[in-house]
Amino acid sequence: MKIFVTGVNGQLGHDVMNELAKRGYEGVGSDLKPEYSGVMDGSPVTTLPYVSMDITDRAQVEKVLTEVHPDVIVHCAAWTAVDLAEDEDKKPKVKAINVDGVQNIADMAKALDAKMIYISTDYVFNGQGTEPWKPDCKEYAPLNYYGETKLGGELAVSGTLEKYFIVRIAWVFGLNGKNFIKTMLNVGKTHDQVRVVNDQVGTPTYTLDLSRLLVDMLETEKYGYYHATNEGGYISWYDFTKEIYRQAGLDTEVLPVTTEEYGLSKAARPFNSRLDKSKLVESGFRPLPTWQDAVARYLAALSTQEDA
């Protein structure tokens with residue numbers, strides 16, 4: 001089975017390629033840059049086949065995917081800068097990547113009769129209340145433009161294909177790229193005190209764990225919508241930060257503040273990012289480990305990376 005992965009210079013695409021190699025699958029990675037430019041950690045992704053491809057260029061997508069002719073496409077590429085997506089001059093580009101680019105990929109998946117995995121987000125919902133969002137809930141109400149475009153991507157996939165997995169995730173962290181944990185570690189090393197919101201609730205997702213689940217999925221035909229984050233319970237960003245510092249051995253004081261007290265960001269953020277993951281188990285998939293365990297393994301991996 002040949003698997004084509006977009007966005008391999010990012011956190012998730014990097015780990016998906018390594019998981020494919022680990023299981024002996026033929027993986028072909030792609031991203032916008034002329035050659036692989038992610039972290040050079042000596043893992044398989046750094047030496048596996050790589051193709052430069054602009055997902056917004058329909059003719060290029062058709063040419064590349066026709067030549068590669070994959071059995072599965074794992075679409076990790078996306079515009080993920082949530083606040084920048086609110087800028088009027090950026091919106092056409094955000095839509096081109098998160099909606100039109102996804103449509104280009106989905107159309108080729110259909111033409112090649114390939115399975116497709118599309119990575120989405122809790123931002124397609126309104127972020128209110130306290131009930132966990134169920135994967136088959138269709139009460140969409142994105143709070144910001146990023147969420148609107150990710151929903152547009154979902155609809156492009158579900159409206160074009162039958163053989164698809166739409167996997168919504170939240171609070172992502174991985175070795176390859178920027179994320180909340182890296183930011184908080186840097187702040188914690190240079191500040192005695194940090195303010196973190198405690199009224200936005202969800203669960204983190206370690207890309208290493210998620211990549212294993214995604215490869216589990218593509219080995220099946222259990223298509224549909226899924227939610228996938230680490231286990232370990234729902235927490236606030238404040239709770240997350242406290243645990244990060246505890247495990248990292250930092251004594252930085254963490255002050256809980258409301259979203260209002262912290263100051264509004266350009267894009268509205270969801271208060272309720274709780275995702276109901278019960279469908280994973282019901283469909284026979286193995287849940288991700290706890291987020292506390294994921295943080296421990298991630299910090300160890302970061303340390304190894306820094307020592308290399």
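Modeller: Start with the term. A nonpolar core is a set of buried Ala, Val, Leu, Ile, Met, Phe, Trp, Tyr and Cys residues joined through side-chain atoms within 4.5 Å. This is a predicted model. Its largest nonpolar core has 34 residues. Of these, F4, M53, L65, I105, M116, V157 and L161 touch the most other members.

Colleague: Which elements give two or more residues to this core?

Modeller: They are α2 (58–68), α3 (91–112), β5 (115–121), α4 (145–160) and β6 (164–169). Helix α3 gives the most, with 8 residues.

Colleague: What is M53 in contact with, leaving aside its neighbours within four places in sequence?

Modeller: F4, T6, S30, D31, L32, Q60, V61, V64 and I105. There is also a second, separate core of 31 residues, which includes F173, I244, V295 and L302.

Colleague: Why is L218 called buried?

Modeller: Buried means under 20% relative accessible area. L218 has 0% relative accessibility, so L218 counts as buried. L218 is found in helix α6 (residues 207–218). Leaving aside neighbours within four places in sequence, L218 is in contact with M1, I3, L20, V72, V74, K115, I117 and F165. V72 is 146 residues apart from L218 along the chain, yet their C-alpha atoms are separated by 7.2 Å.

Colleague: Why does C76 count as buried? And why does C137?

Modeller: C76 has 16% relative accessibility, under the 20% cut-off, so C76 is buried. C137 is at 16% too, and therefore also counts as buried.

Colleague: How many disulfides does the rule give?

Modeller: The rule asks for a pair of cysteine sulfur atoms within 2.5 Å. By that rule the count comes to 0.

Technical notes
Residues numbered from 1 in each chain as written. Predicted model: local features only at pLDDT ≥ 70, side-chain atom pairs only at ≥ 80, totals over all residues. Heavy atoms only, no water. Buried < 20%, exposed > 50% of the residue type's maximum accessible area, 1.4 Å probe, protein only. Helix = DSSP H or I, 4+ residues; strand = E, 2+ residues; numbered from the N terminus. Contact = heavy atoms within 4.5 Å.
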